[in-house]
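User: I have this model open and want to go through it piece by piece. Can you take my questions as they come?

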Amino acid sequence: MKISRNWLQTYFDTPLPDARELSDALTFHTFEIESIEDDVLDVKVTPNRGHDCLSHRGIAKELSAILELPMKNDSLRVPLPALPEGVAMEIESPARAPVGAVAYVRGVKIGASPMWLKERLESIGQRSINNVVDATNYVMFDIGMPTHAFSADTFKDGGIVRYGIRCSKKSEKLALLGGTAIELSGDEAVIVNASDEAVDIGGVKGGMRAELQENTTEVLLSASKFEPVQTRRAAQRFNQRTEAAKRFENEMSDELAVYGVRAVADLVQKIAGGEIVGYGIVKSRSSADRTVSVSLAKINTVLGTRLEEKNVADVLKRLDLQFKCNEMSSHCIFDVEVPFERMDITIPEDLIEEIGRIIGYDSSPAVELPVFRGTVEINENFYASEKVREDLISGGYSEVFTSVFADKGERAVLNKVGGERPFLRSTLIDGLKDALEKNTHNKDLLGLEGVKLFEIGTVWSDGKEIIMVGTVSEKERATEKPLEEYLSNDVSCMQYDDLPFSAAMRYQSFSKYPYIVRDIAMWVPTGTGADEVLEIIKQNAGELLVRSSLFDRFEKGGKTSLAFRLVFQSFGKTLTDEDVNQVMSKVYAVLMAQGFEIR
Amino acid sequence: MIARGHIHPISSLIREANAIFYRMGFSYVEGPLLEDEWHNFDALNVPKDHPARDMQDTFFIKDEEGKMLRTHTSPVQIRYMESQIKKGIQPPYRVIVPGKVFRNEATDMTHEAEFFQIEGLAVGEDITLAHLKGTLEKFFKEIFRGASVDIRFRPSFFPFTEPSVEVDMRITGVNAPEKLRDKWIEIMGAGMVHPQVLKNVGIDAQKYRGFAFGMGLDRLALLRWGIDDIRLIHSADLRFINQF
């Protein structure tokens with residue numbers, strides 16, 4: 001979520017450190033930061049903290065704990081006054097909408113937003129629309145509660161304002177804001193007006209039927225809370241992954257809906273005028289206070305630390321978590337009253353994470369594991385595959401991994417990006433054949449007499465998942481055999497062999513351009529070493545020569561014939577014959593000057 | 001004499017990782033690539049229809065309800081613990097799980113739809129987050145032969161661990177590859193096994209605790225040898241493989 005430093009500042013009297021420092025504080029204690037642009041942080045809020053941290057208030061709370069800066073105001077810690085009634089509400093299925101919350105405001109004047117509001121929204125990449133819509137968005141990005149503004153007209157039924165939430169009817173039609181017309185499935189929650197017409201997909205997006213007009217003066221501000229799973233499905237069904245849907249699918253606490261409706265009504269009144277006639281609030285369940293307890297001993301045994309009571313107490317205070325320290329005989333237990341918005345804290349381990357991360361994991365010690373008391377088992381398949389691997393490598397085969405996806409097979413995946421090769425392979429053979437063909441072209445470049453490949457990999461055949469060992473070379477057809485056939489009979493005394501690791505130090509990237517091969521043969525006086533000649537060739541051929549080797553040698557009449565294969569390749573372009581001819585002329589000249597006779 | 005062929009760098013890394021972890025008491029275990037929802041998600045405390053499932057884009061199998069290509073090696077943790085409990089063997093457990101995993105995403109220089117991971121799990125009465133740090137430090141020191149390696153934890157979230165951490169490493173000293181020297185690099189996710197995961201396989205979560213980690217082997221290979229494109233690992237191209 002985009003978080004503006006200026007917006008955060010509204011929660012603190014003390015000037016906040018710069019964005020870079022805020023980023024570090026969050027990175028090492030709460031969330032990763034995807035990017036920083038000017039004074040805006042893109043914070044990667046984890047799914048467990050979607051309840052409270054998809055909001056500036058939630059991030060401010062974190063920074064308050066990390067940086068030990070007191071917050072000057074926290075709207076979620078202010079007790080709510082009784083809200084006057086003014087809307088008749090009917091919630092058909094409380095499971096779909098655990099809280100109905102709406103405010104009826106009369107006499108508003110829709111117009112441009114004040115500058116501060118425009119700037120805030122624009123700083124986090126939102127477009128300012130008008131004062132009322134901006135107020136609803138502001139509340140969502142400020143405290144995390146999605147809210148929506150309707151024109152009140154169609155909700156009025158004589159002197160009564162009626163707002164309802166029910167399940168949609170199959171094939172019911174709804175035109176969404178922006179114009180997309182959809183047909184409801186009968187499975188999503190909808191907000192309905194006084195005539196029982198759907199005006200909004202609950203938790204996802206509003207409809208045109210109750211859209212605000214320039215001359216609207218009466219508005220209904222809705223902050224009802226919708227159930228996460230249904231909302232998520234509805235958002236997916238209609239491809240409307242809105243900011244609201246994102247928050248509902250992460251679920252927020254029931255209480256937040258009530259704070260949300262109050263906040264949006266107050267803000268609308270402040271910037272668009274009018275009078276709050278009253279609210280409609282229906283909570284289908286009462287939320288019990290939650291207490292989670294953890295002992296100091298448990299904290300230390302999970303984290304491997306030696307924290308003292310005062311260290312833990314300090315962190316809990318910084319996080320604004322109220323607690324009682326329950327001194328029982330020898331160990332101290334913290335009974336923590338969990339605030340309503342922290343739905344992520346339910347078990348002792350959750351509190352341990354709070355302690356660990358706020359103190360900072362950099363101070364957590366590193367300790368080696370004690371000696372293992374059990375038996376370390378030998379894995380039969382791995383044992384067998386290591387043996388096969390070593391045998392094949394000794395026999396000149398090199399190991400490849402080819403894709404498990406194929407264009408035919410017994411099973412297919414449903415949803416492959418791009419849709420190509422959706423089948424799970426039933427054999428290694430096709431992959432190995434392709435690999436052979438691809439590598440054969442590079443034989444000279446690789447300096448290989450022949451290409452020999454193997455793969456140990458999984459296939460799906462005859463309804464089973466099997467590990468196969470497959471081989472292929474230019475001289476033999478591709479074949480495969482189940483790894484099972486290589487399993488050792490004597491499992492009891494198996495030990496992993498001490499096999500060599502790759503000795504490679506650094507990988508050298510290779511040229512993507514084609515190469516050119518030239519052979520050169522010459523007579524040299526007997527006694528002249530091939531190495532000596534090769535050295536002369538290398539020195540004069542320059543950097544285009546990427547591989548060179550002796551491939552033939554014989555003696556006749558007191559002279560020795562040497563033949564070398566030279567491979568040329570450039571990192572920057574496709575070489576032409578002309579390029580290589582130039583190099584070869586130089587090599588010929590030098591060799592002739594040595595008195596060698598080019599054949 | 002026939003010239004030796006070449007080991008794939010991933011196989012070499014697995015061989016080396018197994019040798020290092022074997023000495024620390026970890027057994028090599030494996031599991032199927034085609035998984036069910038219970039092992040890949042539910043038992044790992046990833047609820048249905050939860051945004052946490054979006055963290056891993058899954059290949060589902062056509063016409064086989066609830067079957068998928070595993071998105072991580074973690075389901076093998078579940079399979080291993082289930083089978084131990086079934087045999088009546090209580091912790092301590094220490095296992096590593098190297099193997100192929102799948103994510104349904106577009107591929108580029110740093111992303112592959114199929115790649116390799118290595119999972120580690122240690123369960124016992126006395127396992128702490130400090131042991132996780134100690135174990136990883138030892139592993140990285142050995143795998144980056146001779147260079148000094150620092151480890152650092154950052155808070156993170158995985159449904160199957162609590163607390164959860166992201167692990168960064170930094171290679172220092174003259175033996176460090178120049179491109180990596182003194183830079184913090186994100187290398188894996190880890191944490192203390194969520195008590196619900198232990199309960200799901202029938203282990204007494206009051207008595208036992210554990211740590212778990214999962215790391216991309218392709219990425220480790222990239223760092224270890226300075227490989228510039230992850231796709232080379234799956235290319236079956238000997239211009240690449242024959243360097244190892």
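User: What is the order of the open sheet of four strands that has β14 in chain A?
Analyst: In this predicted model, the order is β6-β14-β5-β15 of chain A, and the pairing is antiparallel. Helices (H or I, at least four residues) and strands (E, at least two) are DSSP runs, numbered from the N terminus. Two strands count as paired if DSSP finds at least two bridges between them.

User: Which strands stand at the edges?
Analyst: β6 (148–151) and β15 (275–283) of chain A do; each has a single partner strand, so one side of each lacks a neighbour in the sheet. From one strand to the next the twist averages 20°; angles run from 0 to 180 degrees between N-to-C directions, with axes as lines fitted to C-alpha atoms, for helices over the stretch in contact.

User: How many bridges pair β5 with β15 in chain A?
Analyst: Eight bridges, in the antiparallel sense, with β5(A) covering residues 99–106. Ala101(A) is opposite Ile281(A) in β15(A).

User: And which helices sit on that sheet?
Analyst: Helix α6 (residues 131–143) of chain A touches β6 and β14 (218–222) of chain A, and its direction makes about 150° with that of β6(A). Helix α9 (residues 254–272) of chain A lies across β5, β14 and β15 of chain A, at about 10° to β5(A). Contact here requires C-beta atoms, placed from the backbone, within 7 Å.

User: Other sheet. What is the order around β28 of chain A?
Analyst: Four strands form an open sheet, β27-β28-β26-β29 of chain A, with antiparallel pairing. Its edge strands are β27 (545–556) and β29 (597–598) of chain A, each pairing on one side only. β27(A) is joined by ten bridges to β28 (residues 559–568) of chain A, where Lys559(A) is the bridge partner of Lys556(A).

User: Which helices pack there?
Analyst: α16 (residues 530–541) of chain A lies across β26 (516–525), β27 and β28 of chain A, at about 145° to β27(A). α17 (residues 577–593) of chain A touches β26, β28 and β29 of chain A, and its direction makes about 10° with that of β26(A).

User: Now helix on helix. At what angle do α7 and α8 of chain A pack?
Analyst: About 145°, with the axes 7 Å apart, for α7 (residues 228–237) and α8 (residues 243–250) of chain A. Pro228(A), Thr231(A), Arg232(A) and Ala235(A) in α7(A) meet Ala245(A), Phe248(A), Glu249(A) and Asn250(A) in α8(A). The contact residues divide into four nonpolar, two polar and two charged; Ala, Val, Leu, Ile, Met, Phe, Trp, Tyr, Cys and Pro count as nonpolar, Asp, Glu, Lys and Arg as charged, and the others, Gly among them, as polar.

User: How many residues of chain B are in contact with chain A?
Analyst: 73 residues of chain B, in contact with 83 of chain A. α4(B) gives the largest share of chain B's side, eight residues. By class, that side has 37 nonpolar, 17 polar and 19 charged residues.

Technical notes: Residues numbered from 1 in each chain as written. Chains lettered and ligands numbered in written order. Predicted model: local features only at pLDDT ≥ 70, side-chain atom pairs only at ≥ 80, totals over all residues. Contact = placed C-beta atoms within 7 Å.
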